Amino acid sequence: MEQKSLFEDDKNQPLAWRLRPKNLDEFVGQKHLIGEGKVLRKLIENDTISSIIFWGNPGIGKTTLARIIANKTNCEFIDFSAVTSGIKEIKAVMAQAESNRKFGQKTIVFVDEIHRFNKAQQDAFLPFVEKGSIILIGATTENPSFEINSALLSRCRVFVFKPLETEDLITLLKRAISDKRGFGEEKINIDNESLSIIAQFANGDARCALSTLEMVVLNADTDKDGKITVTKENLEQCISKKSLLYDKNSEEHYNIISALHKSMRNSDPDAAVYWLARMLEAGEDPLYIARRVTRFASEDIGLADPHALEIAVAAYQACHFIGMPECTVHLTQAVIYMSMAPKSNAMDIAYMLARKDAKEQIAEPVPLHIRNAPTKLMKDLNYGKGYQFAHNSDEKLTNMQCLPDSLIDRVYYKPTEQGMETKYKARLEQIKQWKKSH
């Protein structure tokens, strides 16, 4: 926890720190929030901020905007870290805020990484937000719906921050070259193409873009006149591999597996392979993906192509046998097969309909004639009496009732006309016609 402080022009600080905007005019990106006439800009300019949550990826301006509010507001501003603070520190800050309120002074408490607070720590803020002792500004990279208590969230307005556009990042990089807080007092020779490469590499993250630029400049060659020239070789050395935005415990994990599933369902093999690569290259467990593909094989394909399940299971076994990185080709084969296969969700619908009846209907006993009778007592109670053995008939069919009386004639499996399921639909119609005629 630290009190509000003035920004210092310290050359020993990282470039991203030195270039932090001091006002809204210097702020790059998030025009949907702080563009002229937008609600958040008006709240900041009029000093009428209420409790809010900033949600978005790292390095896109959440903390920076909070510090701009700190410079703009007449409230006391307290900078609070969820990483290093606990209940004791929260109570101390709340006591100070309550004292300020009694003297007519508002207090803004900025909590970075607010999702790192547990339920008890978040609850400690609630009464003070409710009675206006503090105005809470929380910043989080995680979905507030999952990570912030509903009671606290309901008292805050959520503003969603978007990743910066490439053009925004190029603007920021050019400012870093010309601004005295950056490299403005040095002779930097870097072309627009290199700036564009850095911006694209940063993938919407301003902090990453500035840190990369700083690394590139510091590793560039300097001539006898002090001129620093950034070459393509410098870029290649400093940009070896893009850091993919992916956390196996975060929302993005579920977003990308959803993207894979929906791409296969939409019969788009190119998109499916792309999302597969995004997960694998970010370190996802290939067995997790293989399990999801196996589920897909029955949920979205089923009897339209019964071989889909075989291929999915085989891909899982291959991943288990040889692991990464060799198993990428097996998962690719499975994902492309699922994408190209005919689609039917008849299996999923059949189970959901049956589940609904199983949960909501009276749990009727199993009809006596399809019960086993392994003991004399059970036989005396007519267990198995009237059972018809299908193999004794030429058609291998009987007209025996297998559902409880209350569910007679209920239909769960409704085959489609996709792929192989056309064959099974015709067979099912033959079976039903035979039973009807007998």
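## Lining of the second largest cavity

The lining of the second largest cavity in this predicted model comprises four nonpolar, two polar and two charged residues. The residues concerned are Asp47, Thr48, Ile49, Thr73, Cys75, Lys106, Ile108 and Ile135. Asp47 and Lys106 are charged, whereas Thr48 and Thr73 are polar.

The space within the second largest cavity amounts to about 30 Å³. Across the whole structure, a search finds two cavities of 30 Å³ or more.

## A three-stranded sheet

Strands S7, S9 and S8 form an open sheet, arranged in the order S7-S9-S8, with mixed pairing. Strand S7 (187-189) and strand S8 (221-222) are the edge strands, each pairing on one side only. In general, the strands of a sheet pair through backbone hydrogen bonds, in either a parallel or an antiparallel manner.

Strand S9 covers residues 227-229 and runs parallel to S7, to which three bridges join it. Within this part of the sheet, lysine 187 stands opposite lysine 227 of S9.

## Confidence of the prediction

The protein chain has an average pLDDT of 86, and 94% of its residues score at least 70. Confidence in the chain is highest in helix H17 (residues 328-340), at a mean of 96. The lowest confidence belongs to strand S1 (residues 2-3), where the mean is 44.

Definitions and conventions: Residues numbered from 1 in each chain as written. Predicted model: local features only at pLDDT ≥ 70, side-chain atom pairs only at ≥ 80, totals over all residues. Heavy atoms only, no water. 1 Å grid on protein atoms, 1.4 Å probe; cavity = no way out; pocket = protein on both sides within 12 Å on 5 of 7 lines; lining within 4 Å. Points joined across faces, edges and corners; volume = space filled by probe spheres on them. Pairing = 2+ DSSP bridges. Helix = DSSP H or I, 4+ residues; strand = E, 2+ residues; numbered from the N terminus. pLDDT = per-residue confidence, 0-100.
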